[in-house]
Amino acid sequence: MSKEGIRSIAIVGTGVGLAMTASILSATLKRQKIKIQAIELSQDRPVPGATGIGPEFLPLCDILEVSAKAVIAQTEGTFRLGATYHAGGNAWFVPYGTYGLAESSGNFENAVFAYLRQHPDMTLDNFSVAAQAAYQSKFAIPGRDRSDLGSALSYGVTLSCKLYFNYLKQLSRSRGVEYVECTNISMVARDSAGFIKSVTLDSGHEVEADFWVDCSGDRAVLEATKKAPSDHLVWDRVAYFEETDAGVGVPASVFTRTSWGWLKAQHLPKRVCYELYYDSSGTNETSVNDYLVEKFDVSPDLVVHTKCELGIARDVWVNNCLSVGDASSNLGGMVFTELALIQSAIIAFVDTFPATIDSPRCAHYFNEQWNYFVEDALDYISLHSMVPEVQASGIVSIDSSKPGEISDEFRTRIALFQRLGKLDERESDAVLDQQWYGMLYGVGLHPANPSLAISDVPSERLEAGLEKVGKAIKNIVSTMPTHEEFVTRIFGK
Amino acid sequence: MTLKKIVILGGGTAGWMTAAALSRYLPAKGISLEVVESEAIGTVGVGEATIPHLRQFNQMLGIDENEFMRITGATYKLGIELTGWGAVNSSYIHPFGGCGHDIAGIDFHHYWLRLKAEGLVGSFDDYSMAVQAAKHNKFQYPSDDPDSLYSDYGYAFHIDATLYANFLKTYALARGVVRSEGKVINVRSSENDGGIEALLLESGHCVEGDLFIDCSGFRGLLIEDTLKTGYESWQHWLPCDRAFAVPSEKMASPPPYTRAAAKQVGWQWRIPLQHRTGNGYVYASEFISDEEAEAVLLAGLEEPATAEPRQLRFVAGKRKKSWNNNCVAVGLSAGFLEPLESTSIYLIQVAIQKFLEFFPADLDCSAERDMFNRHMDIEYERVRDFLILHYKATTRRDSGFWNYCREMAVPSPLQEKIALFMESGRTALYRKGLFMPASWLAVYFGQGVMPEDYDRRVDAPPLEVIRRYVDKYKAEIDLAASKMQTHVDAIQRSQSADSVAYPQASFSLYGIRG
């Protein structure tokens, strides 16, 4: 076990996950003169056409010291303000941005819940600038003189996977990352303590490094950790297809509930990339294709089905190997993409960068923090598979007929929200508070009781205040350009 | 079942803080409040050092800080001086603020560790604005300009807790809280669910309520005697089980910090107020007799005592649930952790604020109760672990007490934190609970705990560049601290007609950067 410092890192994987890891490490470790090698395996599974990135996109560009505009331009990107959901006749929006406007006071959401109890024709979406903009296919980035809108219009992007990979690969190469291509790894050599010393590629080429990052997906070629199945994850198959479209579409990913799962649509310029997540115990490829033919008139030959090797490892950093993305935490890709997980893990790794090759306490701490992240992510994903029941009393409750699917802690969280409209603080930032509010309210869990925080606000003042906010939001959105106009203005397309 | 009336059992700091806070918010909901207290039962009342969060509590209640200082005889507090905790002759200040600033995204202390390895820097707390001010008996309100050196700290107070409780009593009574005088001789419980229905007083008066807040002190008349909640002892980690407290004359020039001086067994506190000084000696009866302990306390006074020492006995630990059935324990009835880091009033405050945050919609409130208990468990455990660190991180070998502390096993979360720090110089970061990395670093470095390594990314810049940067920073801090007014002047100014507006409070130990 070495107490030497890390002088070289080797990353093993494919596609945009590999290039993302290489880019982040080469940007953050450049002063340390650490040699970074990227072993690019041949692709073993279909690559989605598009990848969505949330508000973590801008901080990532800062880390990489690149212009966000340049990245979007070179990757055929569009913008997104969150996610639209359609299920059983209902529609709701889960924004990246905060509800209300900057001058809205604390406990704004509680005030809105109280208001909505008196105005059942309205929803939480009426108080989200992002939701109103997305529904009308509008988009804008607030100028510096509109600091009141900065957090309300927090945004992410949808990028072409292929072009993003190309961009990141070129970027990391320009920063000294050496790429080696191969079909597969033929051998992993370890010392007696289990530390990886080298890998041999199928070409016979041997790569040595002090530290390893495995982003090879479900293959997990470095076999550093083991995934266990999770009850949270229901959809074990995904079908990919695309269709052409005239414009840039709505500034959001769109989720539509089907009998077997969810259909996710992401717009790029002139095409829409679809991913249909389904539970193979409830249907099969043929039925899914029949559905898609009927709904989209798409040829079954153009639909690619693949299996999701769902599962989670508790120890993602073992000895001198960090397994990221599907190699350790395959959460299905629908809500949390593999790329999002890789980005979060690698940035967290840089923050915990070990002084020496053998740093078991750093690894333990990293794993603990990562598990908080994954737990929060799984709880959020669970909401997508729960079937709210409207009871005789009209009160919506979560279907608790499947024991083991949600933890007691999450069950309490849901109950607290239903009773008081409150969220407790979590240890990770996997899911933003506004995303919780949007999703919990959207699936039909409406807080039943007024919060103490607003109990001393006269109802007339509450009503007047919220109506003013609602009107202000409508006015703001009315002045925004369409998503198409904005993209054209920025990129001249 | 709707909640119409809350009964608070016990006066003192816990009872009246609770009553005052609830009276601020509950009348709008039509909920009535009644406090049951007995003048025959004394309160612990040893004089209190506080942490910056109390400012936020007062602000929440709309209390003017200058009036608060006048009424409670308060002095300012920038931190705690801990002497003799590492080695016998060690001394450091745990400040309400950070040391240094991160550079290129890497925490300052890694740079300090690199320079320290080369013998190029002095103490870690040389880079703390709050420490430099405290050492020179200076005080100034922190700035809310994030670019100013004066924004790098927060502040709290030393107060007479009895006077504070009385002040809050007046506040609460003026807002409609009813007070009943009397001793509880019996508690009526529900036959259905075992919840508390009423308190029967010695006078024959029966006080009914829907929800009860137990501020009855160590005994936990409701939460323990009635509901048999259970207590989790932490005495194997915090072996002190007794204390003597005694007031002494006021200091001519009170310092803006509390002192916690480690002794051969336990430690002695000194809390400077405007009108007197509060003193106490916390000790483990297994290692020293009561008579010897009293002698240690009196020998350690710097001003003449003004009363006889009073003894307290306690068991470090917490109630297994702070909220059980329809009873919420606040203060000593919820648990006890020695006042080494002035957390007693904080734990009262956080219980009240969490109770308000999760205020039950009605009495069928298992979700609110579970969430409250979860939060309070974390709060107590985080404070506990930080206190244990002070004992564990000693190099003293001059008594059986310190040998025990040095060699004792510690809770696994703390063990992991210490191991992480020793391996890499990193401090674990968490969102819930008190004491962020700045505090842990103060104790580690203050008590001479040096990690085996540091973030090697700081090896990249030339040593001379880092040294010049750090030296310049120290010079700036020293200059800024020298320009502050004296602590005595600051206290006088707070009470004068031309007092300066005090800054907004935040729920943080470290000022606006927290």
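Student: Leaving aside neighbours within four places in sequence, which residues is R114(B) in contact with?
Tutor: Keep in mind that this is a predicted model. R114(B) sits in helix α4 of chain B, which covers residues 108-117. Beyond its neighbours within four places in sequence, R114(B) is in contact with Y454(B), V458(B), D459(B), P461(B), P462(B), L463(B) and I466(B).

Student: Does R114(B) count as buried or exposed?
Tutor: Let's go by its relative accessibility, which is 11%. The cut-off for buried is under 20%. R114(B) has 11%, so it counts as buried.

Student: Which backbone oxygen does the side chain of R114(B) reach?
Tutor: Look among the contacts of R114(B), which include P461(B). The side chain comes to 2.7 Å from a backbone oxygen there, and that oxygen belongs to P461(B).

Student: Over in the sheet of β14, β20 and β23 in chain B, which are the edge strands?
Tutor: The sheet is open, with its strands in the order β14-β20-β23 and antiparallel pairing. An edge strand here pairs on one side only. That gives β14 (231-233) and β23 (335-336) of chain B.

Student: Which residue of β23(B) stands opposite K318(B)?
Tutor: Strand β20 of chain B spans residues 317-319, and it pairs with β23(B) in the antiparallel sense over 2 bridges. Facing K318(B) across that pairing is G335(B).

Student: How many residues lining the largest cavity are polar?
Tutor: A search of the whole structure turns up 4 cavities of 30 Å³ or more, and the largest holds about 60 Å³ of space. Its lining includes L233(A), W235(A) and G332(A). Sorted by type, the lining has 7 nonpolar residues, no charged ones, and the polar count is 1.

Notes:
Residues numbered from 1 in each chain as written. Chains lettered and ligands numbered in written order. Predicted model: local features only at pLDDT ≥ 70, side-chain atom pairs only at ≥ 80, totals over all residues. Heavy atoms only, no water. 1 Å grid on protein atoms, 1.4 Å probe; cavity = no way out; pocket = protein on both sides within 12 Å on 5 of 7 lines; lining within 4 Å. Points joined across faces, edges and corners; volume = space filled by probe spheres on them. Nonpolar A, V, L, I, M, F, W, Y, C, P; charged D, E, K, R; others polar. Pairing = 2+ DSSP bridges. Helix = DSSP H or I, 4+ residues; strand = E, 2+ residues; numbered from the N terminus. Buried < 20%, exposed > 50% of the residue type's maximum accessible area, 1.4 Å probe, protein only. Polar contact = N/O pair within 3.5 Å; in protein donor to acceptor, adjacent residues only side chain to side chain. Contact = heavy atoms within 4.5 Å.
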